[in-house]
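This briefing goes through one structure by topic. Please look over the sequence and the model first; the notes follow.

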Amino acid sequence: MVQKFKFCLWLVDLLTVKPLTLIDIQHKWVNSTLNDRQEELPERTFSRYRRDTESLLNVDI
C-alpha cells in the first residue's frame, strides 16, 4: 500500500510539469528514487494505479 501511495503522489507531481505518454512515465518510474527496487511498471499496473490516484487524490489523469 505504501508503494502505491508513493506512486500516486509521484505521478501527480510528475504530470503537473507536463503531459507524458505511458512509455515516458514507465521510463521515469524505473529510474525514480521512489522506486527502491527499480521495478518496471506494466501497463495493467499503471492503469490500476492511475484509477487509484484519481480516486484518492480527486484528480483526472
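**Helix packing and surface contacts**

The model is a predicted one, and local features are reported only where pLDDT is at least 70.

**Helix H1**

- Helix H1 covers residues 2-17, which makes 16 residues. At 1.5 Å a residue the helix should span 22 Å, and its end C-alpha atoms lie 24 Å apart, which agrees.
- Its buried residues are Phe7, Cys8, Trp10, Leu11 and Leu14.
- An α-helix has 3.6 residues a turn, so residues three or four places apart point the same way.
- Leu9 also belongs to helix H1. With a relative accessible area of 42%, Leu9 is partly exposed, because that value falls between the 20% and 50% cut-offs.

**Aromatic pairs**

- The count of aromatic pairs comes to five.
- In one of them, the ring centres of Phe7 and Tyr49 are 5.3 Å apart and the planes stand at 55°, so the pair is tilted.
- Phe7 is in helix H1 and Tyr49 is in helix H3, so this pair ties together parts that are 42 residues apart in sequence.
- Phe7 and Tyr49 are both buried.
- One aromatic cluster is made up of Phe7, Trp10, Trp29, Phe46 and Tyr49.

**Salt bridges**

- Side chains of opposite charge can pair when their charged atoms come close.
- The count of salt bridges comes to four.
- One of them is between the side chains of Lys6 and Asp36, at 3.8 Å from N to O. This pair links distant parts of the chain: Lys6 is in helix H1, and Asp36 is in the loop between H2 and H3, 30 residues apart.
- Lys6 is partly exposed at 27% relative accessibility, whereas Asp36 is exposed at 56%.
- Arg37 and Glu39 form another salt bridge, and their closest N and O atoms are 3.7 Å apart. Arg37 counts as exposed at 68% relative accessibility, while Glu39 is partly exposed at 38%.
- Arg50 and Glu54 also form a salt bridge, with 3.2 Å between the closest N and O atoms. Both residues lie in helix H3, four residues apart, about one turn of the helix.
- Arg50 is partly exposed, with a relative accessible area of 23%.

- Thr53 lies in helix H3. Its relative accessibility is 0%, so Thr53 counts as buried.
- Which residues is Thr53 in contact with, leaving aside its neighbours within four places in sequence? They are Cys8, Leu11, Val12, Asn58, Val59 and Ile61.
- Two of these contacts, Cys8 and Leu11, are also among the buried residues of H1.

- Most residues other than glycine have a negative phi.
- Gln38 is not a glycine, yet its phi is positive, at about 55°. Gln38 is found in the loop between H2 and H3 and is partly exposed, with a relative accessible area of 42%.
- Asn58 likewise is not a glycine and has a positive phi of about 55°. Asn58 lies in the segment after H3.
- Is Asn58 buried or exposed? At 70% relative accessibility, Asn58 counts as exposed, because the cut-off for exposed is over 50%.
- Thr21 is located in the loop between H1 and H2 and counts as partly exposed at 46% relative accessibility.
- Thr21 and Ser47 are 26 residues apart in sequence, and their C-alpha atoms are 13 Å apart in space.

Technical notes: Residues numbered from 1 in each chain as written. Predicted model: local features only at pLDDT ≥ 70, side-chain atom pairs only at ≥ 80, totals over all residues. Heavy atoms only, no water. Helix = DSSP H or I, 4+ residues; strand = E, 2+ residues; numbered from the N terminus. Expected span 1.5 Å × (residues − 1). Buried < 20%, exposed > 50% of the residue type's maximum accessible area, 1.4 Å probe, protein only. Phe/Tyr/Trp six-rings, centres within 6.5 Å; stacked < 30°, edge-to-face > 60°. Contact = heavy atoms within 4.5 Å.
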